[in-house]
Amino acid sequence: MAPLVWLVTGCSSGFGREFVHEILKSGDKVIATARRPETLEDLKKAGAAVLQLDVTWDQERINETINNAIAIYGQLDVLINNAAYVLGGAWEDLSYEDFRDAFETNVFGPLKVTKAALPHMRARKTGTNVFISSISGWSGMEFNAGYAGTKFALEGMAESLNREVRPLGLRTLIIEPGFFRTDLLSQGNLKTTESSIPDYAEASKAFNRLLAEKNHAQAGDPKKGVAVVVDLVRQEGVAKGKKVPVRMALGQDAYEVIKGKCRKTIELLEDWKDVISGTDLDA
Ligand SMILES: NC(=O)c1ccc[n+]([C@@H]2O[C@H](COP(=O)([O-])OP(=O)(O)OC[C@H]3O[C@@H](n4cnc5c(N)ncnc54)[C@H](OP(=O)(O)O)[C@@H]3O)[C@@H](O)[C@H]2O)c1
């Protein structure tokens, strides 16, 4: 197979860095991007091309950056929408601006970067857009509306995009990791607030304690996670000879959470079937 050209957002840490190493290992070419280019020096030394890209930039600046990226190797085959952050906190404690900022990075960022890449991919009738979602794109939990909301939105958008562009020869992949050992829950990356409202105070403390305990103690190995994604895109390794699905969970915890939600949803649909299907107009 001729080498593919990949672009990855959010390469200053975590999955982003691991993607770059795994892509280079496969023999493909990669453009590593981050909002702080100084964090990309070692990736450049390892063989990646590097570019500054803050996914909250306006559409025009993102278009320019993606066009510059395409010019580096003359094509872009795979876009990995990876950059995001976790916003924790009670609905009532977080401001509208807190929610809006999380959506700017986690939802409108991938929207704009993908919009910039699509014309090029459509013209070549080939390309894969990967969206790094989360188990939080399947299951909401207390004090997680600011993050789960963004990942649910991303899932619906990406699933719809897939149906739009699949007939044109483009592929879409939604990745749903459980807890993986990256810097996602580290101070500085994670934005969370402890509730000032007595009704939530204790539960909010417990939630923040859980995040702190999970930080750098997550079971998921980011190297193994990105290796699966690279296989899915290249349709080799674990994906060889298989029909690659649009959604792929990663991690034992993701398997349990998603399966549990599916089981409960089926039970609910069956328990309430008559009510649910009894709302059509009488013939
Ligand atoms: N690790 C997990 O357990 C887990 C689970 C489910 C889903 N995910 C998803 O995996 C993806 C990667 O996260 P990670 O686990 O690797 O966490 P991470 O180590 O915190 O990496 C997140 C990256 O996003 C970048 N970023 C944040 N805002 C940005 C912006 N406006 N423009 C460009 N880059 C920006 C960060 O760059 P800066 O250094 O500049 O802030 C950082 O490089 C995210 O989409 C996350 O939601 C992770």
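Entry 1: I began with the ligand and found that the space it takes is the largest pocket. For my own record, a pocket here is an open set of points on a 1 Å grid over the protein atoms alone, where a 1.4 Å probe fits, with protein on both sides within 12 Å along at least five of seven lines. A molecule sits in one if more than half of its atoms lie within 2 Å of its grid points. I then asked which elements give two or more residues to the shell around the ligand. They are helix 1 (14-26) and helix 5 (145-165); helices are DSSP runs of H or I with at least four residues, strands are E runs of at least two, and both are numbered from the N terminus.

**Entry 2: ground rules.** I noted that this is a predicted model, in which local features need pLDDT of at least 70, side-chain atom pairs count only at pLDDT 80 or more, and totals for chains, interfaces and linings use all residues. Residues are numbered from 1 along each chain as its sequence is written, and side-chain values use heavy atoms, with hydrogens and water left out.

**Entry 3: the shell.** How many residues surround the ligand? I got 28, the closest being Ser12, Arg36, Asn82, Tyr147 and Thr182; a residue is near a molecule if one of its heavy atoms lies within 4 Å of it. By class, the shell divides into 11 nonpolar, 12 polar and 5 charged residues. In that sorting Ala, Val, Leu, Ile, Met, Phe, Trp, Tyr, Cys and Pro are nonpolar, Asp, Glu, Lys and Arg are charged, and the others, Gly among them, are polar.

**Entry 4: ligand oxygens.** Arginine 36 places a polar side-chain atom 2.6 Å from a ligand oxygen. For tyrosine 147, I also read 2.6 Å from a polar side-chain atom to an oxygen of the ligand. At alanine 84 a polar backbone atom is 3.5 Å from a ligand oxygen. Taken alone, the ligand exposes 880 Å², and the protein buries 96% of that; these areas come from the Shrake-Rupley method with a 1.4 Å probe.

**Entry 5: two positive phi values.** I kept in mind that most residues other than glycine have a negative phi. Phenylalanine 143 has phi near 65° and lies in the loop between strand 5 (128-132) and helix 5. Is phenylalanine 143 buried or exposed? I logged it as buried because its relative accessible area is 10%, and buried means under 20%, exposed over 50%, partly exposed in between (1.4 Å probe, protein chains only). Glutamine 235 has phi near 55°, in the loop between helix 7 and strand 7 (247-250). Glutamine 235 counts as partly exposed, at 42% relative accessibility.

**Entry 6: glutamate 142.** In the loop between strand 5 and helix 5 I also looked up glutamate 142. Its relative accessible area is 53%, so glutamate 142 is exposed. Its C-alpha is 8.4 Å from that of serine 204, 62 residues away along the chain.

**Entry 7: two side-chain contacts.** Threonine 33, in strand 2 (residues 29-34), is buried at 0% relative accessible area. Its side chain reaches the backbone oxygen of valine 8 at 2.7 Å. Serine 186 is in the loop between strand 6 (171-177) and helix 6 (198-214), and its side chain makes a polar contact with that of asparagine 215 at 3.4 Å. A polar contact is a pair of N or O atoms within 3.5 Å; within protein, one must be able to donate a hydrogen and the other to accept it, and residues adjacent in sequence count only if both atoms are side-chain atoms.

Conventions:
On a 1 Å grid over the protein atoms alone, a cavity is a set of points where a 1.4 Å probe fits but cannot get out, and a pocket is an open set with protein on both sides within 12 Å along at least five of seven lines; lining residues have an atom within 4 Å of a point.
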